[in-house]
Amino acid sequence: RLQPWRIVYTPPPGATAPRSQPPQPIEIVLSLRQNPLLRRATVNQLLDLVAITREVSLTTGRVLFAETDRPAVYHILTGEVQIDGDRTAPVVAGPGCTIGLSETLAGVPLGRRSTVTRGGQALCIERDELFDVLTDHVDLLQGLFSGVLSASEPETVAEMPRTAASGATR
């Protein structure tokens, strides 16, 4: 059985604030640092990650990624996406959530489909660009693999199932 926390890192409640303008690089750094796997990353390492991110507009009803798309890391800034898999319950990811890190490190497609349920903005880091940065920061590479493999902080990551009555639960 697939562990939901291996799909989406979800920040604690109140850790993110809604935005109306494009984020500045330092804001992206602070947002990425909320992920437990990036907490020990240096500012220079995070700025190198920011340099390879591309902004993705989230439009309600559009597909963010499909089951067979190339692996990539998605970090939701604003809005919300629902991630559906054949053998797993739907997972909802909102602001501050990071999707696909372990799959991207492993070089495998996410194997799920993600549909935008509330418009907003996300960041995307493609696998090849990620590994280009990680080759310059071996300690960051080791930390990411170590964190993904040990899953030392699953209590900070929650599955957020979709409910028909309330829209989403958190």
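Visitor: What makes Glu80 and Arg118 a salt bridge?
Guide: Their side chains come to 3.9 Å, N to O, and the rule asks for a side-chain nitrogen of Lys or Arg within 4 Å of a carboxyl oxygen of Asp or Glu. So by that rule Glu80 and Arg118 qualify. Mind that this is a predicted model, where local features need pLDDT of at least 70, side-chain atom pairs count only at pLDDT 80 or more, and totals for chains, interfaces and linings use all residues. Residues are numbered from 1 along each chain as its sequence is written, and side-chain values use heavy atoms, leaving out hydrogens and water.

Visitor: Which parts does that pair tie together?
Guide: Glu80 sits in strand S4 and Arg118 in strand S7, so parts 38 residues apart in sequence are tied together. Strands (E, at least two residues) and helices (H or I, at least four) are DSSP runs numbered from the N terminus.

Visitor: How do you know whether Glu80 is buried or exposed?
Guide: Check its relative accessibility, which is 5%. Buried means under 20% relative accessible area, exposed over 50%, and partly exposed in between (1.4 Å probe, protein chains only). Glu80 therefore counts as buried, while Arg118, at 41%, counts as partly exposed.

Visitor: How many salt bridges are there by this rule?
Guide: The count is three. Another one joins Glu126 and Arg54, with the closest N and O atoms 2.8 Å apart. That pair links distant parts of the chain, 72 residues apart: Glu126 in strand S7 (residues 113-126) and Arg54 in strand S2 (residues 54-58). Arg70 and Asp128 form a salt bridge too, with the closest N and O atoms at 3.0 Å. Arg70 is in the loop between strand S3 (63-65) and S4, and Asp128 is in helix H4, so parts 58 residues apart in sequence are tied together.

Visitor: What makes Arg70 exposed or buried?
Guide: Its relative accessibility is 57%, so Arg70 counts as exposed. Asp128, with 43%, is partly exposed.

Visitor: Why is the pair of Phe65 and Tyr74 called what it is?
Guide: The structure holds one aromatic pair. The ring centres of Phe65 and Tyr74 are 5.1 Å apart and the planes stand at 25°, so the pair is stacked. The rule pairs rings of Phe, Tyr and Trp (its six-membered ring) with centres within 6.5 Å; planes under 30 degrees apart count as stacked, over 60 as edge-to-face, the rest as tilted. Both Phe65 and Tyr74 are buried.

Visitor: How do you know how H1 and H2 lie to each other?
Guide: The axes of H1 (residues 25-33) and H2 (residues 43-52) come within 9 Å and cross at roughly 110°. Angles under 35 degrees count as roughly parallel, over 145 as roughly antiparallel, 65 to 115 as roughly perpendicular and the rest as oblique. H1 and H2 are therefore roughly perpendicular.

Visitor: And why are H4 and H5 described the way they are?
Guide: Helix H4 (residues 127-136) and helix H5 (residues 138-150) have axes that cross at roughly 120° and come within 5 Å. H4 and H5 are therefore oblique to each other.

Visitor: What is Val73 in contact with, leaving aside neighbours within four places in sequence?
Guide: Among its partners are Thr98, Leu101, Ile125 and Leu130, where contact means heavy atoms within 4.5 Å. Val73 is in strand S4 (residues 72-84), and at 8% relative accessibility it counts as buried.

Conventions:
Axes fitted to C-alpha atoms, helices over the stretch in contact; angles between N-to-C directions.
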